[in-house]
Amino acid sequence: MATEARELTIDQEMYERMGGSAALYEQAKETFPSGVTHDARFAKPFPIYVSRAQGSRKWDVDGNEYVDYYGGHGALILGHCHPVVTAAVSWRRCRVSARS
């Protein structure tokens, strides 16, 4: 029995691979204009919802891995979650909380 090749459009493939992001976008549209908090995050047919990031990489809620070429407009020159920056921020947050 021959199997028929199935060709997907880009949008169809996105819905198939990124169902979690699509579902979160539907929820976000009920709260935020256009479903995003900043116009730069808007994408068609829906934006990517990132669950974690490390260095130059991001992972969406569906487990897909991406290289972050955008880099926060240069604000992330050391990458996401650089250990020295994370330690400094965590230490500062602990000191501020201790004063409260």
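This is a predicted model: local features need pLDDT of at least 70, side-chain atom pairs count only at pLDDT 80 or more; totals for chains, interfaces and linings use all residues.
**View 1. The whole chain, for orientation.** Starting at the N terminus, the elements come in the order α-α-β-β-β-α, which makes 3 helices and 3 strands. Of the 100 residues here, 19% are buried. The chain exposes about 8,000 Å², with carbon and sulfur atoms supplying 56% of that area. Take the contacts with a separation of 6 or more: 42% of them come from residues 24 or more positions apart.

View 2. Strand 1 (50-54) and strand 2 (57-60) run antiparallel and are joined by 4 bridges. The two strands form a hairpin with 2 residues between them. Have a look at G55 in that turn, where phi is positive at about 60 degrees.

View 3. The 3 strands line up in the order 1-2-3, with antiparallel pairing. On average, neighbouring strands are turned by 25 degrees against each other, ignoring direction. Between strand 2 and strand 3 there are 3 bridges, and R57 has V67 as its bridge partner in strand 3. As a reminder, strands of a sheet pair through backbone hydrogen bonds.

**View 4. The buried face of helix 2.** Helix 2 covers residues 19-28, and its buried residues are S21, A22, Y25 and A28. Looking down the helix axis, these buried residues fall within an arc of 120 degrees, so they line one face of the helix. Their cover includes helix 1 (10-17) and strand 2.

**View 5. The largest nonpolar core.** This core holds 7 residues: M14, M18, A22, Y25, A28, F46 and Y49. Helix 2 gives the largest share, with 3 residues. Zoom in on Y49 and, leaving out neighbours within four places in sequence, you'll find contacts with S21, L24, Y25, A28, G35, D60 and V61.

**View 6. P45 and its cis peptide bond.** P45 lies in the loop between helix 2 and strand 1. The peptide bond leading from K44 to P45 is cis, with omega near 5 degrees. That's worth a second look because most peptide bonds are trans. Is P45 buried or exposed? P45 counts as buried because its relative accessibility is 18%, and the cut-off for buried is under 20%. Setting aside residues up to four places away in sequence, P45 touches D11, M14, Y15 and Y25. Q12 is 33 residues from P45 along the chain, with 9.5 Å between their C-alpha atoms.

**View 7. Two loop residues with a positive phi.** Most residues other than glycine have a negative phi, so here are two spots to check. S34 isn't a glycine, yet its phi is positive at about 65 degrees. You'll find S34 in the loop between helix 2 and strand 1, where it counts as partly exposed at 45% relative accessibility. C81 isn't a glycine either, and its phi is positive at about 55 degrees. C81 sits in the loop between strand 3 and helix 3 (83-99), and with a relative accessible area of 45% it is partly exposed.

How values were computed: Residues are numbered from 1 along each chain as its sequence is written. Side-chain values use heavy atoms; hydrogens and water are left out. Buried means under 20% relative accessible area, exposed over 50%, partly exposed in between (1.4 Å probe, protein chains only). Contact means heavy atoms within 4.5 Å. Accessible areas come from the Shrake-Rupley method with a 1.4 Å probe; for residues, only the protein chains shown count as cover. Two strands pair if DSSP finds at least two bridges between them. Axes are lines fitted to C-alpha atoms, for helices over the stretch in contact, and angles run from 0 to 180 degrees between N-to-C directions. A nonpolar core is a set of buried Ala, Val, Leu, Ile, Met, Phe, Trp, Tyr and Cys residues joined through side-chain atoms within 4.5 Å. The arc is that of the directions from the helix axis to the C-beta atoms.
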